[in-house]
Amino acid sequence: MILHTDWRHIPASARNTVAALGNFDGVHRGHVHLLETLRMARPDHPLSVVTFDPHPRTLFRPQDPPFRLMLPDVRAAALGSQGVEHVFQIPFDAEFSRLSADRFVNDVLVKGLGVAHVACGADFAFGHRRHGNIDRLEALLVPHGIGLTIVPQLVDDGGPISSSRIRRLLQEGYPERAAEELGRLWSITGPVMHGDQRGRLLGFPTANIPLTQHLEPARGVYAARVTLPDGRVIPGVANIGRRPTINDGRESRLEVHLFDFNQDLYGQTLSVALIALLREETKFSGLDELKAQIAADAAQARSILAD
């Protein structure tokens with residue numbers, strides 16, 4: 001997979017692809033369905049994705065809390081694992097947001113990327129103030145000999161699978177149900193930062209990973225599996241929240257204790273997959289009660305992860 005971040009200077013080797021359009025946050029089963037449909041419709045061309053960074057919602061609603069299911073580099077890797085050969089990650093800034101629907105097609109898709117065919121969902125909207133819809137998209141593509149495939153949303157018993165639906169499941173404390181929608185475990189990926197060593201003092205040293213632009217799931221304690229840079233997967237127990245017993249409560253964080261592991265992880269990038277919520281965030285009467293509860297949490301997590 002090759003990641004392109006400048007749509008104005010695309011090499012000839014990356015042109016003439018069949019392109020799926022969308023944000024692809026999470027690269028969930030619905031996204032995979034879109035990619036597979038496009039691949040079957042046009043197997044004669046390399047598969048590509050046209051997406052955006054930052055997510056348009058970040059520009060238009062900067063007051064919203066972080067909501068991303070995955071960060072851009074993780075998204076690109078996930079798309080590559082689905083057979084996508086080129087990811088066109090368009091910088092979405094104020095100038096680009098003012099691009100009309102016609103110019104998005106003519107300047108970006110036709111001239112900039114030189115796509116051979118396009119696929120998207122029925123609700124895809126584009127251009128300034130989202131004035132472009134699929135009818136307008138087809139009308140603009142046809143004169144250039146570019147075809148369009150409209151792919152219906154993938155639906156299960158709960159309705160259409162979508163990124164917003166997966167976000168709700170995570171915020172409600174159901175990572176296992178979110179995993180079913182995603183087609184894999186949901187993970188938070190980031191570098192290990194120095195913390196205040198509280199976990200070590202309690203007998204459970206933790207790796208501290210900032211949430212940054214990740215969605216904050218339900219606060220509490222989770223059974224988790226941690227993937228190290230070398231590919232090893234270590235079971236553990238993770239806490240997401242503001243640590244009300246010992247912290248000032250101003251910032252949520254992810255802290256994960258890796259079972260039977262004592263190597264230095266500072267500066268390394270870990271991927272922490274949440275398996276199951278063990279309990280909600282709780283304020284305890286003191287450190288002794290907290291320490292006892294952490295031990296119980298670790299034992300419960302070990303039991304769950306051993307199954």
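Modeller: A salt bridge is a side-chain nitrogen of Lys or Arg within 4 Å of a carboxyl oxygen of Asp or Glu. This is a predicted model, where local features need pLDDT of at least 70, side-chain atom pairs count only at pLDDT 80 or more, and totals for chains, interfaces and linings use all residues. Residues are numbered from 1 along each chain as its sequence is written, and side-chain values use heavy atoms, leaving out hydrogens and water.

Colleague: How many residues apart are D25 and R68 in the chain?

Modeller: D25 sits in the loop between β2 (18-21) and α1. R68 belongs to the loop between α2 and α3 (72-81); helices (H or I, at least four residues) and strands (E, at least two) are DSSP runs, numbered from the N terminus. The pair therefore links distant parts of the chain, and the separation is 43 residues.

Colleague: Is D53 buried, partly exposed or exposed?

Modeller: Buried means under 20% relative accessible area, exposed over 50%, and partly exposed in between (1.4 Å probe, protein chains only). D53 has 25% relative accessibility, so D53 is partly exposed.

Colleague: What is the closest N and O distance between D260 and R302?

Modeller: Here we look at another pair, with D260 in the loop between β13 (253-258) and β14 (269-280) and R302 in helix α10 (residues 287-306). D260 is exposed at 70% relative accessible area, while R302 is partly exposed at 39%. In their salt bridge, the closest N and O atoms are separated by 3.2 Å.

Colleague: Strand β3 holds D53. Which strand pairs with β3 over six bridges?

Modeller: Two strands pair if DSSP finds at least two bridges between them. In the strand we want, Q89 stands opposite T51. The pairing with β3 (residues 47-53) runs in the parallel sense, and the partner is β4.

Colleague: How many residues of β4 are buried?

Modeller: β4 (residues 86-91) also has three bridges to β1 (residues 2-4), again parallel, and F88 of β4 is the bridge partner of H4. β4 is largely enclosed by the rest of the structure, because the number of its six residues that are buried is five.
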